[in-house]
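Keep the structure open as you read.

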Amino acid sequence: MNELVVETDGLTKRYGDRLAVDLVSMTVVRGEVYGFLGPNGAGKTTTLRMMLGLIRPTAGSVSVLGRPAGRPDVTARIGALIEGPGFYPYLSGRDNLRTLARYRRLPDTEVDRVLDLVDLAERAKDAFKGYSLGMKQRLGVAAAMLGSPDLLVLDEPTNGLDPAGMADMRALVVSLAEAGQTVILSSHILAEVQEICDRVGVINNGELLRESTVAELRGGATLRVRATPEDAALAAVMRLAGEDGVRRLGDGALEIDLPATAAPGLVKELVGAGVDVHEVTAAERSLEDVFFEMTSTKELVS
Amino acid sequence: MNALINSTSAELLRLRKWSATWVVVGAWMALALAFGYVFNYVAYVSGEENFTSDGGTRAGLLAQMLPPALPDILVQGLPMFGGALAMVIGALAAGNGFGWGTWKTVFTQGPSRLATVGGSLLAVTLIVVAMITATLVLYLGVSSLIAVTEGQEIVMPSLEAVAKAYGTGFLVLEMWAVLGFLVGVIAKGPSIAVGLGLVWALVVENLLRGVGGLISAVETFTHVLPGTAGGSLVGALVGDGSGTPGVVTTIGGERALITVAAYVLVAIVAAVVVMRRRDLA
């Protein structure tokens, strides 16, 4: 069940004296949607290109489906949309896919299947150059799905899409994931990753900062309490959550590492200590909070 | 082998559906028809002297348009005009894939780079074959038509002569096409490749040949250039009396054949090697 689809080991790519990817070791498990998260220029695309054998690593290795990346039999089992769709502008969407299908001798029915999947069947006969950005992107996803690959690599598939297009694209990825498709989805949009990914790898300046489940990364739920006098409140809360379990948020509120179910006990404790409780809320950290925390403090993979 | 065949069929599909391919091939057919027959025929009918007639007689002019002269006519226009257009096809086929990102897409389909680039070269080669075959068929039709119109008996050229001309024509076009492909690969785009390639094929080599008359080192150098080799290969067949631009007898036919074949081989190998090693960023 925990079959590794992708495993990179100390993957490094150097351009001149700039390290684009620095000792990245990541794993993608079969059947999961892996979010590859990082700001623009963090090294996401470079890592994915090495996975596909488009560029050679300076050091380290990538194995895909148990074999070295870049070998024809491996590449044939990966479907990819890397850094924008690359198609022949003068061909229709369908002819573009028919051309690609011929490389693996896939029948035209397969072309029509993926066109349907991305909802492009109606415009399939139009020239690619006349497509909107969203349609181009969808054709790219369709091309990636030709031949039902074992691994789908989508590099920023929602780039340039309008909100409706983004929602459609997410729904598509979710439906693929439900069907058991392994997907690597790179993105700089955190909400997107939080919504559809099982596990994430966070990359910044070429370094993989963290790799874990979205839930782990966000941490457990917390409680926020606003109470006066603050010092007495802090002392009371610390008795329950421990000294490290409380943070001052600066606006008179305290953030406490306790689940929402601990709220009644906490309020009792505060009231017992003679503290006035103004507000108690359960809060969850978003991936965005975690991400900015991480990219600014440069936490290392643990 | 299967991967190569698949790649070739994919590449043929997209080249076949590309208007640019047809524009270039069509331009060649129009030029070939105009310079091979139309101008001569107009000169013949109107009784005026024509620049390709060498001051010959009307009978000589007619003889050039009849089927027996077909092998010569077929190859005459190839060293310069045909070659230049074949180079454009090669450069377009290879060069555009970088800007469009289609090389990237193609390289992630499965077949190895050797197979995909080889398939692309093979597809370009098949277009060259189509180009020379279509020219032959066109010339056969037109020369027969002229023979009939002018009340001449239709005498077909020997099969050997036609085959020789066909082979020569194919080699010259193929050399320029794969050279164009290589330049397209190196320049990572069609515009520089087409621009530089055309200036080279149409201007620089001719100038160098001119300078070669003054400086012997340059002359020796021009002997190994593709234009000289292609021109000499055709020249070995038709002689340099026709005055057609690009047709020369600078080097012997055998040496020209070896040089042209070497260019074809080197360009193919170099294009494949460069593409196999390249990072597609």
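## A predicted model

Keep in mind that this is a predicted model.

## The four-stranded sheet of chain A

Let's start with an open sheet in chain A, built from 4 strands in the order β13-β14-β12-β15 with antiparallel pairing. Its edges are β13 (246-248) and β15 (276-283) of chain A, each of which pairs on one side only. On average, and ignoring direction, neighbouring strands in this sheet are turned by 25° against each other.

Strand β12 (residues 222-228) of chain A runs antiparallel to β15(A), and 7 bridges join the two. If you want a spot to look at, Arg224(A) stands opposite Thr281(A) in β15(A).

## Two helices on that sheet

Which strands does helix α9 (residues 230-241) of chain A lie across? They are β12, β13 and β14 (253-256) of chain A, and the helix runs at about 5° to β14(A). Helix α10 (residues 263-272) of chain A packs on the sheet too, touching β12 and β15 of chain A, and its direction makes about 160° with that of β15(A).

These two helices also meet each other: the axes of α9(A) and α10(A) come within 9 Å and cross at roughly 135°. That angle makes α9(A) oblique to α10(A), and the crossing is right-handed. On the α9(A) side the contact is made by Ala233(A), Ala236(A), Val237(A), Arg239(A) and Leu240(A), while α10(A) brings Gly265(A), Leu266(A), Glu269(A) and Leu270(A). Sorted by class, that contact has 6 nonpolar, 1 polar and 2 charged residues.

One pair to pick out is Leu11(A), whose bridge partner in β2(A) is Val24(A). The two strands form a hairpin with 2 residues between them, and Gly16(A) in the turn has a positive phi of about 60°.

A cis peptide bond, with omega about -10°, joins Thr228(A) and Pro229(A); Pro229(A) is in the loop between β12 and α9 of chain A. Then there is Ser148(A), which has a positive phi of about 40° although it is not a glycine. Ser148(A) is in the loop between α5 (133-145) and β8 (151-155) of chain A.

## Helix pairs in chain B

Now for chain B. Helix α2 (residues 19-46) and helix α7 (residues 113-149) of chain B pack at an angle of about 30°, with their axes 11 Å apart. That makes α2(B) roughly parallel to α7(B), and the pair crosses in a right-handed way. From α2(B), the residues that meet α7(B) include Trp28(B), Met29(B), Tyr37(B) and Tyr41(B); among their counterparts in α7(B) are Ile127(B), Met131(B), Leu138(B) and Tyr139(B). The whole contact divides into 14 nonpolar, 3 polar and no charged residues.

How do helix α8 (residues 159-187) and helix α9 (residues 190-212) of chain B cross? Their axes come within 8 Å, at roughly 135°. That makes α8(B) oblique to α9(B), and the crossing is right-handed. Among the residues making the contact are Trp176(B), Gly180(B) and Gly184(B) of α8(B), along with Pro190(B), Leu196(B) and Gly197(B) of α9(B). By class, you get 8 nonpolar, 3 polar and no charged residues.

As for α8(B) itself, its 29 residues reach 41 Å from the first C-alpha to the last, close to the 42 Å expected at 1.5 Å a residue. Next comes Lys188(B), which follows α8(B) and has a positive phi near 55°.

## Where the chains touch

The contact takes 26 residues from chain A and 25 residues from chain B. On the chain A side, the elements that give two or more residues are α2 (72-75), β7 (78-81) and α3 (93-102). Of these, α3(A) gives the most, with 5 residues. By class, the side of chain A that touches chain B has 16 nonpolar, 4 polar and 6 charged residues.

Methods: Residues are numbered from 1 along each chain as its sequence is written. Chains are lettered from A and ligands numbered from 1 in the order in which they are written. This is a predicted model: local features need pLDDT of at least 70, side-chain atom pairs count only at pLDDT 80 or more; totals for chains, interfaces and linings use all residues. Axes are lines fitted to C-alpha atoms, for helices over the stretch in contact, and angles run from 0 to 180 degrees between N-to-C directions. Angles under 35 degrees count as roughly parallel, over 145 as roughly antiparallel, 65 to 115 as roughly perpendicular and the rest as oblique. A crossing is left-handed if the near helix is turned anticlockwise from the far one by less than a right angle, and right-handed if clockwise. Two residues are in contact if their C-beta atoms, placed from the backbone, lie within 7 Å. Ala, Val, Leu, Ile, Met, Phe, Trp, Tyr, Cys and Pro count as nonpolar, Asp, Glu, Lys and Arg as charged, and the others, Gly among them, as polar. Two strands pair if DSSP finds at least two bridges between them. The expected span of a helix is 1.5 Å times one less than its number of residues.
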